[in-house]
Amino acid sequence: MTQVAQVVVTGLGVVAPTGRDTGEFWRSALAGVSGIRAISRFDTSRYPVRYAGEVREFDPAEAIAPRVVAQTDLWTQFALDATRQALGWATLDPGLLDGFDIGVTTSAGSGGNAFGQREIEALWARGPRHVGPYQSIAWFYAASTGQISIGHGMRGPCAVVSSESAGGLDAVAHARGAIRRGCRVQVCGGAEAPLSPYALTCHWRSGLLSTRGGEPDCYRPFTRDASGHVPGEGGAVAVLEDAAHARRRGVRALATVSGHAATFTGPQWAVDERGRRERETEALSAAIRLALTDARVWPEEIGAVFADGLGQRDADRAEIAALRAVFGRSLDRVPVTVSKPALGRAYSAAGCFDLAAAALSLRDGVVPPAAGLAQCDIAVNADVVTGRARPVELRHVLLLARGFGGFSSALVLSSTTQHDSSRRRE
């Protein structure tokens with residue numbers, strides 16, 4: 001029987017509202033620092049949401065060639081800078097590999113919003129001759145995968161995954177599959193830049209944005225006064241490798257991608273709210289069970305959960321119900337955290353932010369708190385980590401993500417030092 005390749009994380013790169021690089025992002029996460037601020041990029045006085053997780057003090061010219069800056073939107077620039085960081089962490093020079101041994105998988109959501117809006121404004125105000133040539137590619141959901149691949153000569157399997165906020169975890173799983181099929185290295189991640197008038201209007205129409213979006217303390221998942229989410233932006237990228245390839249390079253892995261599953265309920269316009277939440281609970285619990293089976297890990301071996309945290313009371317209860325359906329009473333001892341109150345809901349980047357935080361949690365043996373939440377605020381039957389980071393002995397962690405439209409995704413990340421010795425499901 002052919003042995004399935006073990007896939008490990010050897011590099012991370014993050015550009016987030018709470019940190020310009022991975023180190024700052026992690027220090028902020030452990031301290032419970034929030035990056036939710038008033039949107040500064042445009043006048044939000046006519047919008048019901050005026051706060052978001054905005055990346056500030058980011059100058060793409062510091063890390064990206066001017067010609068590439070000119071032909072890309074901010075979301076791709078986030079992805080390119082996070083890729084630079086991740087390759088540096090992994091001490092990986094793509095030029096030293098056969099180009100067909102390294103590929104790219106990214107998660108894409110709303111694409112190049114600000115770039116597209118600027119060009120459309122030029123079209124209507126001055127005519128088609130004033131629309132730049134890069135309009136045809138900068139907005140496109142495949143732009144980040146393409147620019148990373150071209151810029152680094154990565155000619156192996158390349159892909160784009162589009163499953164809204166579930167896409168980040170799905171992209172990791174897709175990259176893992178590519179490595180198991182023979183690709184030695186995958187650069188994978190997600191990025192988002194939804195803070196432009198056009199993009200904010202689109203997200204507002206979903207009906208999921210916080211009704212308290214004009215206040216700094218506006219994204220409060222799992223609490224009594226949860227009222228929706230606010231957008232977030234940024235990018236996170238990981239270098240995934242065949243574990244044997246990483247060992248030959250002499251690189252220490254951060255974590256093992258040991259299990260994943262995704263489910264889909266499909267559009268449910270004819271189903272009432274209660275029925276829809278029941279189906280979402282069933283779909284997410286199925287994804288959790290399948291991911292644990294894929295990882296060959298029992299529920300009681302999970303040391304922490306990085307939750308999705310949509311920030312709507314019914315959706316939050318449905319997420320905890322899905323966990324209860326799998327974990328039963330053992331959920332009482334599992335710390336549950338959620339990163340989005342500090343970052344905003346970064347859609348296609350959200351799962352990759354969680355991947356970075358979970359990998360660092362496994363490395364350091366600590367679970368970061370949900371920023372801005374107090375224990376007295378929590379309204380769900382789960383041990384939500386608040387206030388301070390919690391030291392925990394971690395062997396396996398579970399990451400959850402849900403996307404608008406019926407997507408659910410669950411991923412198990414495991415410690416590289418204890419992964420092989422964990423009790424396996426036969």
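Select threonine 91, in the loop between helix H3 (74–89) and strand S4 (102–107). Helices (H or I, at least four residues) and strands (E, at least two) are DSSP runs, numbered from the N terminus. This is a predicted model, in which local features need pLDDT of at least 70, side-chain atom pairs count only at pLDDT 80 or more, and totals for chains, interfaces and linings use all residues. Residues are numbered from 1 along each chain as its sequence is written, and side-chain values use heavy atoms, with hydrogens and water left out.

Look at the backbone of threonine 91: its phi is positive, about 45°, although the residue is not a glycine. Most residues other than glycine have a negative phi. Threonine 91 is exposed, at a relative accessible area of 57% (exposed means over 50%, buried under 20%, partly exposed in between, with a 1.4 Å probe and protein chains only).

Next, select tyrosine 347, in the loop between helix H12 (340–343) and helix H13 (350–364). Tyrosine 347 is not a glycine either, and its phi is positive, near 50°. Is tyrosine 347 buried or exposed? Its relative accessible area is 4%, so tyrosine 347 is buried.

Last, go to the largest pocket, which holds about 590 Å³ of space. Select Leu208, Gly403, Phe404, Gly405 and Gly406, the closest to its centre of the 35 residues that line the pocket. A pocket is an open set of points on a 1 Å grid over the protein atoms alone, where a 1.4 Å probe fits, with protein on both sides within 12 Å along at least five of seven lines; lining residues have an atom within 4 Å of a point.

Methods. Grid points are joined across faces, edges and corners, and a volume is the space filled by probe spheres set on the points.
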